[in-house]
There are 2 protein chains.
Amino acid sequence: MIAKLTPAERSELLPTLPEWAVDEGRDGITRKFAFADFVEAFGFMTRVALLAEKADHHPEWSNLYNRVEILLTTHDAGGLSRRDVDLARAIDALI
Amino acid sequence: MIAKLTPAERSELLPTLPEWAVDEGRDGITRKFAFADFVEAFGFMTRVALLAEKADHHPEWSNLYNRVEILLTTHDAGGLSRRDVDLARAIDALI
């Protein structure tokens with residue numbers, strides 16, 4: 001069972017992900033990406049898909065042409081967990 | 001310049017896409033897909049991405065684990081066009 005981040009953990013970890021915004025309603029974190037075109041955007045999505053499958057932790061995400069929006073939350077925890085932070089960090093490392 | 005479908009064309013073509021629902025607000029068509037798991041869903045998305053890039057006509061779409069939702073509309077036409085019908089038909093042929 002994955003635990004939600006405690007307030008102390010959030011205060012420690014979220015500042016390490018400055019590109020991600022907290023979505024309070026979903027208790028998750030979101031980031032929007034823009035690329036040169038669809039091929040670049042979908043190439044990025046493919047890399048994220050492989051990371052996500054390997055981590056067994058999957059994003060909620062959408063794409064329109066060169067834009068990708070990702071929301072990370074942990075359904076099993078009912079909100080933001082360490083898994084989200086780890087996947088966000090791995091996604092950031094792709095950019 | 002791509003033209004929107006005329007009412008007569010819509011009446012002729014939309015019944016040929018029974019799996020797709022009209023989104024009146026967006027003047028597009030949508031379909032929801034469910035797969036066994038994320039790998040199946042993203043595999044499908046990859047096939048759609050290749051079709052879309054080849055047609056130079058791209059979906060608005062989202063994914064959460066095994067689910068994929070696709071909206072097709074033609075921004076250049078300000079609504080539903082033949083391109084959407086053709087891409088929907090090509091997507092249906094993947095399933």
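## Across the interface

Between chain A and chain B, the rule turns up two residue pairs in polar contact, both at pLDDT 80 or more. A polar contact here is a pair of N or O atoms within 3.5 Å; within protein, one must be able to donate a hydrogen and the other to accept it, and residues adjacent in sequence count only if both atoms are side-chain atoms.

On the side of chain A that touches chain B, α2 and β3 (60-64) of chain A are the elements giving two or more residues. The largest share, seven residues, comes from α2(A). Helices (H or I, at least four residues) and strands (E, at least two) are DSSP runs, numbered from the N terminus.

## Ground rules

This is a predicted model: local features need pLDDT of at least 70 and side-chain atom pairs count only at pLDDT 80 or more, while totals for chains, interfaces and linings use all residues. Residues are numbered from 1 along each chain as its sequence is written, chains are lettered from A and ligands numbered from 1 in the order in which they are written, and side-chain values use heavy atoms, with hydrogens and water left out.

## How much gets covered

Chain A and chain B bury about 1400 Å² between them, with 74% of it on carbon and sulfur atoms; that's the accessible area (1.4 Å probe) two parts lose on being put together, summed over both. In chain A, the residues losing the most area to chain B are A:Phe38, A:Phe42 and A:Trp61, together 36% of what that side buries. Contact (heavy atoms within 4.5 Å) involves 16 residues from chain A and 16 residues from chain B.

The same surface serves both: 100% of the contact residues of chain A recur in chain B.

## Core and a buried alanine

The largest nonpolar core has 50 residues, and A:Phe44, A:Ile70 and B:Ile70 have the most contacts inside it. Such a core is a set of buried Ala, Val, Leu, Ile, Met, Phe, Trp, Tyr and Cys residues joined through side-chain atoms within 4.5 Å.

A:Ala49, in helix α2 of chain A, is buried at a relative accessible area of 3% (buried means under 20%, exposed over 50%, partly exposed in between; 1.4 Å probe, protein chains only). Not counting residues up to four places away in sequence, A:Ala49 touches A:Trp61, B:Phe38 and B:Phe42.
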